[in-house]
Amino acid sequence: MIHIIREIQAQQITDVIEKLCIEANQHLPEDVKQALRCCREQEDWEIAQGVLDQIIENFEIACQEQVPICQDTGMACVFLEIGQDVHITGGALSEAVDEGVRRGYERGYLRKSVVKDPIRRENTGDNTPAMLYTEIVPGSRVTVCVVPKGFGSENMSAIRMFKPSQGLSGIKDFILETVEAAGPNPCPPMVVGVGIGGTFDKAALLAKKALIRPIDSSHPDPFYGELEEELLKKINELGIGPQGFGGKTTAIGLNIETMPTHIAGMPCAVNISCHVTRHRTEVI
């Protein structure tokens, strides 16, 4: 039996990432736009109504004029699902990804927000390096997802290593405490990604991946689907409201992702995203 390996040029990956960096910063996903419009219809607090009207007008203008939705055009998080029957040729993968980010942020007139060193703070000047996450999957395709992540919301994220005895109630309290402590800082209405399980690092990655899942979807496990609904309801009962001015809409979505973990632990991470929850995907 002949096993065929599909070759993909590194340049193709660069080109796709360049395009997605620009598109993700100019166009909100449809599920996010629809959720914001639905919240506006249900909101009865005058100030909250006005804020939501401005948010909706802003993303509509950004789409029409092809300009960034927000001045914080984020740190480029790039998720690659690479088929095991793919061979990338013509250059190193990480360099191809960074070149795509470099070109996209330059061509799209997007703000460069990355510093070379976390303490000494010199700007890299081109928004690289990307935060690159790779996963090997069956098949001969590469799925590219670009997630520009702003740090007004990223800074309000948290992780906690629970003991199993602290149970579901401990996790619920932690999620609500994290959102309440964030208050207006992540530019609500926010999207909340929750990762439960794995290890310290895997829980955080799960929480970030949860932000990519459509917010109008439900977890396939009914237990977690109901938990998503319960937590979203409780978050909106906090009354933080759009941009922190009060109202019914503190969050427009909450997604949970889980994975197996050790018998002695129960890691939980909360990755908060602002109402500009941006991501764009393409399959090569």
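Helix α7 (residues 200-210) lies across β2, β4 and β5 and runs at about 95° to β2. Contact here means heavy atoms within 4.5 Å. Axes are lines fitted to C-alpha atoms, for helices over the stretch in contact, and angles run from 0 to 180 degrees between N-to-C directions. Helices (H or I, at least four residues) and strands (E, at least two) are DSSP runs, numbered from the N terminus.

The model is predicted: local features need pLDDT of at least 70, side-chain atom pairs count only at pLDDT 80 or more, and totals for chains, interfaces and linings use all residues. Residues are numbered from 1 along each chain as its sequence is written, and side-chain values use heavy atoms, leaving out hydrogens and water.

The open sheet consists of four strands in the order β4-β2-β5-β10, with mixed pairing. Two strands pair if DSSP finds at least two bridges between them. At the edges are β4 (131-137) and β10 (280-283), each of which pairs on one side only. From one strand to the next, the twist averages 15°. Strand β5 (residues 142-149) pairs with β10 in the antiparallel sense over four bridges; the partner of Val144 in β10 is Glu282.

| Helix | Strands crossed | Angle |

Asp98 belongs to helix α4 (residues 93-107). Asp98 is buried (under 20% relative accessible area, 1.4 Å probe, protein chains only). Not counting residues up to four places away in sequence, Asp98 touches Thr128, Pro129 and Ala130.

How values were computed:
Buried < 20%, exposed > 50% of the residue type's maximum accessible area, 1.4 Å probe, protein only. Lys, Arg positive; Asp, Glu negative; His and termini not counted. Salt bridge = Lys/Arg side-chain N within 4 Å of Asp/Glu carboxyl O.
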